[in-house]
Amino acid sequence: MGRFSELSLGPLETAPVSVVAQPGVTLMSLVADALGGRSQGVLPAWRRLLRSAVPEGAEAVLRPLFAREYSMVPDCLTPTAPLWETDLRVQLERLAEVPPSQLSQELETDFRGTVPGQWQSVVDRPKAFIHAYAALLTTMWEAFGPIWARAGSLLDQETERVGVAVVSNALPSVLAGLGPKIRFAG
């Protein structure tokens, strides 16, 4: 049975719109694609670059996050909040300092007290997992960061495109073209 999420924006003319170049979101897509077995449309050359940058066994660190049964990343392990903070190095340093008790509590809450077996090794050794996970993300960003930096002008163009769409009442066209996994209706 297919599952999906629905986001109700309300009337588009009253929806606040902003564009944030958020490297943490990009990093999580890269991780999901290159090592998590979740296609995100990453270019094959980038996928090869990322796979070659990480140590052997990196996929095993990520296995709990991307298992078929319960694919999810706890909020405390996601370098995307706050979205307006774009210095990913700072976010990754904070990630490495997540208290093990915070991760354990979040897993208990997310899974309503019954943490799936795929997370058992994390529950047993949360501190070791946090350090391995943060190191893995840091290594991947060190490999991809220069590509992100070179994309600055393209990100600026996209910001301008969305801004023009907002002020010219063309936001539905932008939302309808977000990608093949996203459907815009209404």
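Good morning. The structure above is a predicted model, in which local features need pLDDT of at least 70, side-chain atom pairs count only at pLDDT 80 or more, and totals for chains, interfaces and linings use all residues. Residues are numbered from 1 along each chain as its sequence is written, and side-chain values use heavy atoms, with hydrogens and water left out.

I begin with a helix pair. The axes of helix 2 (residues 44–53) and helix 7 (residues 126–150) come within 8 Å and cross at roughly 145°. Which residues make the contact? Taking contact as heavy atoms within 4.5 Å, helix 2 contributes Trp-46, Leu-49, Leu-50 and Ala-53, while helix 7 contributes Thr-139, Met-140, Ala-143, Phe-144 and Ile-147.

In one of them, Asp-33 pairs with Arg-47, with the closest N and O atoms 2.5 Å apart. Because Asp-33 lies in helix 1 (residues 23–34) and Arg-47 in helix 2, this pair ties together parts that are 14 residues apart in sequence. Is Asp-33 buried or exposed? With buried meaning under 20% relative accessible area, exposed over 50%, and partly exposed in between (1.4 Å probe, protein chains only), Asp-33 is buried at 5%.

Another salt bridge joins Glu-158 and Arg-161, at 2.7 Å from N to O. Both residues lie in helix 8, 3 residues apart, about one turn of the helix. Glu-158 is partly exposed at 34%, and Arg-161 is partly exposed at 43%.

Let us turn to the loop between helix 5 (100–110) and helix 6 (120–124), where Gln-118 lies. A polar atom of the Gln-118 side chain is 2.6 Å from the backbone oxygen of Pro-64. Leaving aside residues up to four places away in sequence, Gln-118 touches Pro-64, Ala-67, Glu-69 and Tyr-70.

Arg-112 is found in the loop between helix 5 and helix 6. Its phi is near 50°, a positive value in a residue other than glycine, and Arg-112 is exposed, with a relative accessible area of 79%. Thank you.

Technical notes:
Helix = DSSP H or I, 4+ residues; strand = E, 2+ residues; numbered from the N terminus. Polar contact = N/O pair within 3.5 Å; in protein donor to acceptor, adjacent residues only side chain to side chain. Axes fitted to C-alpha atoms, helices over the stretch in contact; angles between N-to-C directions. Salt bridge = Lys/Arg side-chain N within 4 Å of Asp/Glu carboxyl O.
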